Amino acid sequence: MKNGFRRVMPRAWQGLGVSAGAVLAAYAVSPYLALWDIDRAMNGNNPSRLAPHVDWSALTHCLKEQFTPAAPADDDLPGFGSSFAGQVVSNAIDTHLTPATLMTTAHQVMPHGPPTSDWLGMWHSMHAHFVSPGKFEASLDQPGQTPFVLHMKFEHWGWKITRFEMPAPAHAA
């Protein structure tokens, strides 16, 4: 009985190691598959395919931070104009941020180069990496501008877009 147990145990450990390796490999590849699916949704102009890849509450919060005017540094109350503008921007984001508007905006921001016959397409100018075990970042180089940066987070067993940084004109050095 002892010899049979010793022969079975190495196989069990080997199977456990192979299983753990397969899970880690699948996790390491999963954000790239999510980016590929997002790219297919964008190229196919399919908002319903894009929607599951977006954390809408995090993205709404991020856009409000990016586009709402900053509060004054001192203890003074903000002027009516800046307060009103901040409320208008916040309300517009709350009411108009949908998969279709996000896709339309992304089409306007993304570079419009000649279509490539290469199946990699825009992947040549993309840099993607893990920032932490649950966060992933992809940046797309844009000629004459800062890169478009997409931040993703692993939640609810999938990668979700939580934030993005819009390209801006690059400053000459």
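This is a short tour of the structure, stop by stop.

**Before you start**

The model is predicted: local features need pLDDT of at least 70, side-chain atom pairs count only at pLDDT 80 or more, and totals for chains, interfaces and linings use all residues. Residues are numbered from 1 along each chain as its sequence is written, and side-chain values use heavy atoms, with hydrogens and water left out.

**Stop 1: the whole chain**

Show the protein as a cartoon. Five helices and four strands make up its secondary structure. Helices (H or I, at least four residues) and strands (E, at least two) are DSSP runs, numbered from the N terminus. Follow the chain from the N terminus: the elements run α-α-α-α-α-β-β-β-β. Now colour by accessibility. Of the 173 residues, 26% count as buried. Buried means under 20% relative accessible area, exposed means over 50%, and partly exposed lies in between (1.4 Å probe, protein chains only).

**Stop 2**

Strands of a sheet pair through backbone hydrogen bonds, either parallel or antiparallel. Here two strands count as paired if DSSP finds at least two bridges between them.

**Stop 2: strand by strand**

Start with S1 and S2.
- Select Ala128: its bridge partner in S2 is Ala138.
- Select His129: its bridge partner in S2 is Glu137.
- S1 and S2 form a hairpin, with two residues between them.

Move on to S2 and S3.
- Lys135 stands opposite Lys153 in S3.
- These strands form a hairpin with two residues between them, and Gly144 in the turn has a positive phi of about 75 degrees.

Finish with S3 and S4.
- They pair in the antiparallel sense over seven bridges.
- Val149 has Glu165 in S4 as its bridge partner.
- Two residues lie between the strands of this hairpin, where His156 takes a positive phi near 55 degrees.

**Stop 3: the aromatic rings**

Show the side chains of Tyr27, Tyr32, Phe130, Phe136, Phe154, Trp157 and Trp159. Together they form one aromatic cluster. Rings of Phe, Tyr and Trp (its six-membered ring) pair if their centres lie within 6.5 Å; planes under 30 degrees apart count as stacked, over 60 as edge-to-face and the rest as tilted. How many aromatic pairs are there by this rule? The count comes to ten.

Zoom in on Phe130 and Phe136. Their ring centres are 5.1 Å apart and their planes stand at 80 degrees, so this pair is edge-to-face. Is Phe136 buried or exposed? Phe136 is buried, at 1% relative accessibility. Phe130 is partly exposed, at 31%.

**Stop 5**

Then show the surface. Val29, Leu33 and Trp36 form a nonpolar patch, with about 290 Å² of accessible area together. Patches are made of residues with over 30% relative accessible area and no salt bridge: like charges are joined within 9 Å, nonpolar side chains (Val, Leu, Ile, Met, Phe, Trp, Tyr) within 5 Å. The areas come from the Shrake-Rupley method with a 1.4 Å probe, and for residues only the protein chains shown count as cover.

**Stop 4: the salt bridges**

The structure holds two salt bridges. Each is a side-chain nitrogen of Lys or Arg within 4 Å of a carboxyl oxygen of Asp or Glu.

Select Arg49 and Asp37. Their side chains meet in a salt bridge, 2.7 Å from N to O. This pair links distant parts of the chain: Arg49 is in helix H2 (residues 47-50) and Asp37 in helix H1, twelve residues apart. Arg49 is partly exposed at 28% relative accessibility, while Asp37 is buried at 17%.

Last, select Arg163 and Glu165. Their closest N and O atoms are 3.4 Å apart. Arg163 is partly exposed at 35%. Glu165 is also partly exposed, at 29%.
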